[in-house]
Each structure stands twice: as structure tokens, then as C-alpha cells.
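Me: I want to learn how to read helix packing. Please show me on a real example.

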Amino acid sequence: QQSTAAIISASTMSVEYASVGGALAVIQTADNQKFLYKGLIEAGAALPAEKMASANGADFMLMKEKQRQIFDGKSCERFIKLFNELQVQQDVSFIAATDEYLQTTFEWASDATVRAYSFNQNPISFEEHQNWFLKKIKQPDCMYLLGKWGNEIVGSLRFDITGSNALISYLVSPRHHGKGLGRILLAKGLEYLAQQNKTISTATGFVMPQNIASVKVFERLGFLCTDENNQLKFTKNIYR
């Protein structure tokens, strides 16, 4: 707390110092520090020790701001949310999409919030959705799943398979937004896909940059992101 600068190994001590806030340089001194070392630097909360001497006041001001953003005193809230998500994850299961759910999926797809983050933002008619849905659930190269939480259908997850790649499309029921179900559906869906189809080695999803919720879902699940034609492309080796 009394030091304005520190050079520390990338251990828990570096986290303690970053939570206090100051000019921080880290050194990896053991193999088990590599992820913390990388994480602190990529988050802007620390510099590699070799770059400390060339940094200036503006760099340190920005670093302290990043540290305040990360160590914001809300860890308790995040842990509670995480544990709640883990409980929900235990209760979520999948069923195959059938024509019984035509109306439900139309209501989801035509919701204004859902359409705002779709690549095709034009309104869709029931007939359009019906033609698409009834065709899609019969395609052999498509795994179309509906997520159940208890007795309620809460979202959909679709894998369109080409060769060894599965293209991801998922949707959470608008009445269940904000509950972490997007991450849960995708995480459990990838496990289900790996069990059901051993030929799939990669999964890919495309997201609009302004769809922050979906961006965070893919990032939390370890997908690699690239920019492709003004879209964010997320890719992951599902067996890694």
C-alpha cells in the first residue's frame, strides 16, 4: 500500500498489489504462473518487467485505471452469479427440435430484441419461419436442439455441420435473458455434440460486434476471435 511501484513474480502477490493499485511489473518465475502472467499483461493491469523502464506516466495512469476496473469490489456478486449459473447448468438438458415447437421458436425469432442482434434484422412472417424451421429440423447435417430448464423450454442451439466443423447458432428465450443461459446452453451443447458426433473437431460462431452478451459467452468458453467482414468469428477446437 505504501509502494507506488513494484516488480513482483506473477504469483498471488502480484494480484494483491494490483488490487491496491500501482505501477506493476511482473516476472514469470515458475510454470504455474504463466496464465496469471499473461492475464495481468493482456488486461493492462501490469507490464512485463523488461518494459518497466521505458514506460511513462500516462502508461501508469492507464494501468491503474485498468486495475480499478478489474478489482472493483464486486467479486462477491460475481461469485454468487457464477454459483447460480452452475446450479442452473446441472438442471439444463436437451431435446430434439420438432414441429411441436414451431410456434414457440417463431415467437423467439420474431422478438424485437432477438432480431436486433440477428444478421438478418428484417421482420419475419410466420410462413417464412415455418418453411425454414420444418426444413431445418429434417436436415441430416443439422443438429437442432432445444434447451430445457426444469419443465420449461428456455432456448435453442443449432449445429450446422460441414465436414469436421460445426457452425453454431443459439438463442435464449427473451423472458430468460440475463440469467447466463447462453453460456450454459453453448457449454453443455458442445459437450453433447462431442459425444454424439466424433467426426467434429472444430466449432465456429459468428457474432455482430455490438452483441456484447454473445461476445462474452464465446470468450468465456475459450473461443478464439478474429474479425471477418465486419463480423466477429469465434473458433474453438472442441476436443482441446
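Me: At roughly what angle do the axes of α5 and α7 cross?

Reply: Start with the general idea: two packed helices are described by the angle between their axes and the distance between the axes. Here the axes of α5 and α7 come within 10 Å and cross at roughly 120 degrees. Axes are lines fitted to C-alpha atoms, for helices over the stretch in contact, and angles run from 0 to 180 degrees between N-to-C directions. That makes α5 oblique to α7. Angles under 35 degrees count as roughly parallel, over 145 as roughly antiparallel, 65 to 115 as roughly perpendicular and the rest as oblique. Helices are DSSP runs (H or I, at least four residues) and strands are too (E, at least two), numbered from the N terminus.

Me: What should I know about the model?

Reply: It is predicted: local features need pLDDT of at least 70, side-chain atom pairs count only at pLDDT 80 or more, and totals for chains, interfaces and linings use all residues. Residues are numbered from 1 along each chain as its sequence is written, and side-chain values use heavy atoms, with hydrogens and water left out.

Me: Which residues of α5 are buried?

Reply: Buried means under 20% relative accessible area, exposed over 50%, partly exposed in between (1.4 Å probe, protein chains only). In α5, residues 102-109, the buried ones are Leu102, Thr105, Phe106, Trp108 and Ala109.

Me: Which residues does His129 touch?

Reply: Contact means heavy atoms within 4.5 Å. His129 lies in α7. Leaving out residues up to four places away in sequence, His129 touches Leu102, Thr105, Phe106, Ala109 and Ile124. His129 counts as buried, because its relative accessibility is 5%.
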